[in-house]
Amino acid sequence: MPPADASQQSHDDFQSHPSIPCDACESALSSQHDHSISFLLLDQLTLPLVGCDDHLEQFTSICGLTTEDTAELLSHRPAGGINCPSCHFVPYNPQHPLIPVQNGAVAVLACPDHQDEIIERFRTGLETRQKLTASTDTLQ
Ligand SMILES: [Zn+2]
Ligand SMILES: [Zn+2]
């Protein structure tokens, strides 16, 4: 048996206080109450998200750049529920990967497949936005 205590300790130190400059995100992420969960509707996806309102909105608008439809952010569980059964049962835990959004961070409470998908969308959206910003700069 390896000495579990030592490795456990350093692991906890690393995870327990991720430095999120945005206090509102930090407190939303540490509250762990159902009411702090919002829902992103993007194409066929319904994804539970945790973060502060500002950064959730930024996240939503950036993801919205990757779809012809509009990305929508709900502050309550959508009437139709979450259509992916795997996402539906993902519990919140502090080790959930965070997606950095400017000076904040958003947690996506989805199954690994959909988590990968939304992270990919977000990256694509960021690139799209950078291109848009770049072309606007050139015009001015
Ligand atoms: Zn924030
Ligand atoms: Zn899923």
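Colleague: Leaving aside neighbours within four places in sequence, which residues is Val106 in contact with?
Modeller: Happy to start there, keeping in mind that this is a predicted model. Val106 belongs to the largest nonpolar core, where it is one of the residues that touch the most other members. Leaving aside its neighbours within four places in sequence, its contacts are Leu49, Val50, Gly51, His55, Leu56, Phe59, Leu98, Ile99 and Val101.

Colleague: Which elements give two or more residues to the largest nonpolar core?
Modeller: That core has 29 residues, and Leu47, Leu49, Val50, Cys63, Val106 and Val108 touch the most other members. The elements giving two or more residues to this core are helix 2 (23-31), strand 1 (37-42), strand 2 (45-50), helix 3 (53-64), strand 5 (104-108) and helix 5 (112-139).

Colleague: Which residues of strand 5 point the other way from Gly104, Val106 and Val108?
Modeller: Strand 5 is mostly covered, with 5 of its 5 residues buried. Gly104, Val106 and Val108 point one way, and the residues pointing the other way are Ala105 and Ala107.

Colleague: Which residue of strand 5 is the bridge partner of Val50?
Modeller: Strand 2 and strand 5 pair in the antiparallel sense over 2 bridges. On its other pairing, strand 5 joins strand 4 (residues 98-101), also antiparallel, over 4 bridges. There, Leu98 has Ala107 as its bridge partner. For Val50, the bridge partner in strand 5 is likewise Ala107.

Colleague: Which residue takes a positive phi in the hairpin of strand 4 and strand 5?
Modeller: These two strands pair in the antiparallel sense. Their hairpin has 2 residues between the strands, and the positive phi, near 50°, belongs to Gln102.

Colleague: How many bridges join strand 1 to strand 3?
Modeller: The two strands run antiparallel. One pairing to look for is Leu41 with its bridge partner in strand 3, Glu72. The number of bridges joining strand 1 to strand 3 is 3.

Terms used
Residues numbered from 1 in each chain as written. Chains lettered and ligands numbered in written order. Predicted model: local features only at pLDDT ≥ 70, side-chain atom pairs only at ≥ 80, totals over all residues. Core = buried A, V, L, I, M, F, W, Y, C linked by C-beta atoms within 7 Å. Buried ≥ 20, exposed ≤ 12 C-beta atoms within 10 Å, placed from the backbone. Contact = placed C-beta atoms within 7 Å. Pairing = 2+ DSSP bridges.
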